[in-house]
Amino acid sequence: MERDKEILVMKDIVKTFPGVKALKGVDLNVKYGEIHALMGENGAGKSTLMKCLIGIHPPTSGQIYFEGNLIENYSTSDALKMGIAMIHQELSPVEHRSIMENIWLGREPKTKLGLVDHKKMYEMTKDVLKLIDFNEDPKTLVASLTVANMQMIEIAKALSYNAKLIIMDEPTSALTNKEIEQLFSIMRRLRENGKSIIYISHKLDEIYEICDRITVYRDGQYIGDGDTKDINVNELIKMMVGREVNEMFPKVTCDIGDVKLEVKNLCYGRKFKDVSFDVKKGEILGIAGLVGAGRTEVIETIFGIREKSSGQIYVDGNEVRIKTPADAKQNKMALLTEDRRSTGIFPMLTVFQNVIIANIQKYIKKTGLLNHKKAIEDTNEFVKAISIKTPSIYQKVENLSGGNQQKVLVARWLLTNPEILFLDEPTRGIDVGAKAEIHRLITNLAGQGKSIIMVSSELPEVMGMSDRIVIMHEGKVTGILDNTKDLTQEEIMRYATGQAATA
Amino acid sequence: MTSDSKKLMDQAERSRLADNKKTKVKALLQKYGIILVLLFLIIVISTIQPKFLSSTNIFNVLTQSSIFGIMALGMTLVITSKGIDISVGSVLALSGVVAASLAQVSSATTQYYPSLSDMPVILPIIAALLVGLLMGSINGGLIAFTGIPAFIATLGMMTIARGLALIYTGGKPISQFTPDMMFIGSKVGFFPVPVLVYLIMIAITWVLLGYTSFGKNVYAIGGNIKAAEISGVNVKKNLILIYGYAGLCAAVASIVFAGRVGSVHPGAAAGYELTAIAATTIGGTSHYGGIGTVWGAVVGALVLGVLRNGMTLMGIEAYWQQIVEGVIIIVAVVVDMRKNARKK
């Protein structure tokens, strides 16, 4: 095997989606028989690049050479046939079918009569599973396997295609430590056999344990690559974060009052454990961490979307029982969800209907009918107060910009007169100008004495807005830091990647 | 190791085995519960009305079940692929009138094709199969290439095929068939030909679903269409085949229908699609896709057949029969959902 030759060369890859340039001319070189890490913050373009590679999104421009040959215009099944296989972050097996039917789907061995040769399929599956030391009966239903074992099946499937290059997108996010060790030993064995692996992970310790080389991306741009042994952790974090905190965060210090909400030893299954923090009146508490750290789960649990497995929640010093979002509402809480589209707005309803939907009780007259006049007045008032740009309150929300949609949601929750506001990625997918407006709105709300808990993956946003920052890593709080001037992004990243731990 | 700890371990092992056994029994019950339901029905009905178990009546039940039973076989493929086909009743009527028009005796009082002599029976059969296959494939093509929901595509086809049947016949029934055609509705010795046709279709569908790559694709498309695409399955082609097969089954059913009734009306088989869906559903095919068996469709059809026949024998009013059927369909789906929810 020619160890130093490149199996894959991606050159100057550009990928534009309508209105967005996701990849701005990036490179990637992977050698035979190496494990190559792709690093970068969320949205850096790693996943898009991999989708270009396996034929889901063909690149807008740029060249891809695989084993020395230029490849273009190919489908995912072509990529598989060439020997490029991807193990997706969200595994997608056909659950109610057996292991062997999953592995050989679309290319089952046939008998002379053209029927599926189950006996041969069984033997072939045994052979493939042997490659990764996996002793499960090929006839086992996939639905009965653990996530880790489903992952093994995906790896076996990749090997069954005789894949020379295997892409693993955050394969360890749902695995236990023991399972991770098992995965790593298989990866090492694959490397010995000359297979190349592209490994995407946010966990720095894993990268240093298993990867030979690293390529770093940021904001759709190629930042650099090198051997793992030549790049130390601090350099790597700097390469990933890179940018400077700009002046778009109009944070004004306001009077911070008594403790409003306190959470003690909150747990939710395996997602997060022993989470404790408090937030005061007029305070903005940022929650930072990488995707999968459990941030969203924490606030969803406090809000009653998920039922906590243990722990206490106190509002104004009294323990409260929150089992449903309705209970949370009773306790003057409000939640702006992470994914506007699927869990927040009703796109085909009007601004008016979207704003009053959480408050209809408030407008029911004695007759049982709706007091439209009062509801319209209130809606108009809020539209004006937080300057939602809409021709009228009867406009359909789907016709508004992302920033204005987000404001409609803010209006909806402000109408419930909340005292505790949870904001999950409040500016995701919103353009820069609207972002600043949302930030101003958040600061104003804190100024009115409301307690704000904001989850954000953008470090500059967290650092620009928060009074204090809770940092999570793999379901645990690794640090609660005062947001002082000399706090750096690098330091937060160290907590977020589990490099520094003082809880 | 002390004897005590050994004893403890033995105990643990035993209880583990017992647990295993318990879950196995439970799984078997869930998987084959519908057969128990069928046996239960048969026992109850035959106790109340011993006539039920006479061989004539049993063949009666099987013959009566064969028409919607055959349709349910095609429906099993459709529903397993996470689709639905409500056009098969109309497709049965259309392919039925086409077959009928080619199967008339030359001495018939009102001949559809006046100068036509007696045709060999294979001709109307082939014509009907082609019509069914075509209509079904159009359904599949619409779903595959326009992306409209299966319910809508087949709703359109349901009306169109019925309209075509009405136009083709001018609204009048076609009857007086050749002896060969009538043979399909009769018996060989004691054995009814419709049941024979049903058995052949069961065998074909069983091989198709269990032993061909097409069958594997049906499960994959219904279970996880994304996984199927990524694995290189040609989803569009398979959808056309799936709905084509459902249309084909409707056409086979139409031939049995023509032979049994001796006449095909353009308004025939209205609502049969729902009976076919009911049989498939009772048999455990999941509307969430990816789960479905041929034997389930057969048992489901038999449950409905036994129920209808039994209630008639016991003198229960037809109106009440409909209510009982409805309840059974709903209970079947609730049980099915429970079963699948628990797996997650």
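Predicted model: local features only at pLDDT ≥ 70, side-chain atom pairs only at ≥ 80, totals over all residues.
Chain B brings 22 residues to the contact and chain A brings 20. Between them the two chains bury about 1,800 Å², with 61% of that on carbon and sulfur atoms. On the chain B side, the residues that lose the most area to chain A are Lys216(B), Ile230(B) and Ser231(B), which together make up 33% of what that side buries.

The largest share, 6 residues, comes from α8(B). Sorted by type, the chain B side divides into 9 nonpolar, 10 polar and 3 charged residues.

Now move into chain A, starting with its open sheet of 6 strands. The order is β16-β17-β18-β13-β19-β20, and the pairing is mixed. At the edges stand β16 (333–336) and β20 (476–482) of chain A, each with a single partner strand, so one side of each has no neighbour in the sheet. From one strand to the next, the twist averages 15°. Look inside the sheet and you'll find β17 (residues 420–424) and β18 (residues 451–455) of chain A paired in the parallel sense over 5 bridges. Leu423(A), for one, has Met454(A) in β18(A) as its bridge partner. Helix α17 (residues 489–496) of chain A lies across β13 (284–289), β19 (468–473) and β20 of chain A, running at about 40° to β19(A).

Chain A also has an open sheet of 4 strands, in the order β12-β11-β14-β15, and here the pairing is antiparallel. The edge strands are β12 (272–280) and β15 of chain A; each has a single partner strand, so one side of each is left without a neighbour in the sheet. Walking across from β12(A), we first meet the 6 bridges that join β11(A) to β12(A), with Glu262(A) partnered by Asp278(A) in β12(A). Next, β11 (residues 259–268) and β14 (residues 310–315) of chain A pair over 5 bridges, and Val263(A) stands opposite Ile313(A). Then 2 bridges join β14(A) to β15 (residues 318–319) of chain A, where Tyr314(A) faces Glu319(A). These two strands form a hairpin with 2 residues between them, and Asp316(A) in the turn has a positive phi of about 55°. Helix α9 (residues 295–302) of chain A lies across β11, β12 and β14 of chain A, at about 70° to β12(A).

One more stop in chain A: Asp133(A) forms a salt bridge with Arg189(A), the closest N and O atoms being 2.8 Å apart. Asp133(A) lies in the loop between α4 (118–131) and α5 (147–160), and Arg189(A) in helix α6 (residues 177–192), so the pair ties together parts of chain A that are 56 residues apart in sequence.

Notes. Residues numbered from 1 in each chain as written. Chains lettered and ligands numbered in written order. Heavy atoms only, no water. Contact = heavy atoms within 4.5 Å. Buried area = accessible area lost by both parts, 1.4 Å probe. Nonpolar A, V, L, I, M, F, W, Y, C, P; charged D, E, K, R; others polar. Pairing = 2+ DSSP bridges. Axes fitted to C-alpha atoms, helices over the stretch in contact; angles between N-to-C directions. Salt bridge = Lys/Arg side-chain N within 4 Å of Asp/Glu carboxyl O.
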